[in-house]
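This report goes through a protein model, from its surface to one of its helices. The sequence and structure come next.

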Amino acid sequence: MLGDDFSNSGLVTTKEKSGKFATNKDINDIARIGKTFRPVNGYNENSENIFMLRTKDYLYIAAFNYGDENLTFDLSFKRLNLKFGRMYSYKELWSGLTYNSKNNLKVVIPSKDIKLFRFDFKKK
């Protein structure tokens, strides 16, 4: 996307999308951490599509859909070492939408897309 035509004759929608994605503070903050995500499952016969990164203040979950169809997944909080039954609030970083759940992270990912979630553990 950042290699597209940004000249006056380039598409306005492409310029707007690129500007929005390249300046997303939440996404750029992850790059500044300087650590890698690890697979959540790590035992699939197929390519891994769910990754996590835990820091002192946050848990990040990146979920990829490599396929041509929508992908629904339901990930138990136990699998993420989160307390089952406790209410968690988390944010999808590309859209900015916030969710609440007690037991699982359930999401539909469109074809060839990604969702990136952040659980915030900072004391408020």
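What is the accessible surface of the protein, and what percentage of it belongs to carbon and sulfur atoms? The accessible surface comes to about 8400 Å², and 51% of that belongs to carbon and sulfur atoms. Accessible areas come from the Shrake-Rupley method with a 1.4 Å probe; for residues, only the protein chains shown count as cover.

## Basis of the model

This is a predicted model, in which local features need pLDDT of at least 70 and side-chain atom pairs count only at pLDDT 80 or more, while totals for chains, interfaces and linings use all residues. Residues are numbered from 1 along each chain as its sequence is written, and side-chain values use heavy atoms, with hydrogens and water left out.

## Overall fold

The protein has two helices and eight strands, in the sequence order α-α-β-β-β-β-β-β-β-β. Helices (H or I, at least four residues) and strands (E, at least two) are DSSP runs numbered from the N terminus.

Of the 124 residues, 31% count as buried; buried means under 20% relative accessible area, exposed over 50%, and partly exposed in between (1.4 Å probe, protein chains only). Among contacts (heavy atoms within 4.5 Å) with a separation of 6 or more, 52% are between residues 24 or more positions apart.

## Helix 2

In helix 2 (residues 25-33), Asp26, Ile27 and Ile30 are the buried residues. They lie on the same side of helix 2 because they cover an arc of only 105° around the axis, taken from the directions from the helix axis to the C-beta atoms. Lys25, Ala31 and Arg32, on the other side, are exposed.

The buried residues of helix 2 pack against strand 3 (58-65), strand 5 (88-92) and strand 8 (113-120). Just after helix 2, Gly34 has a positive phi of about 75°.
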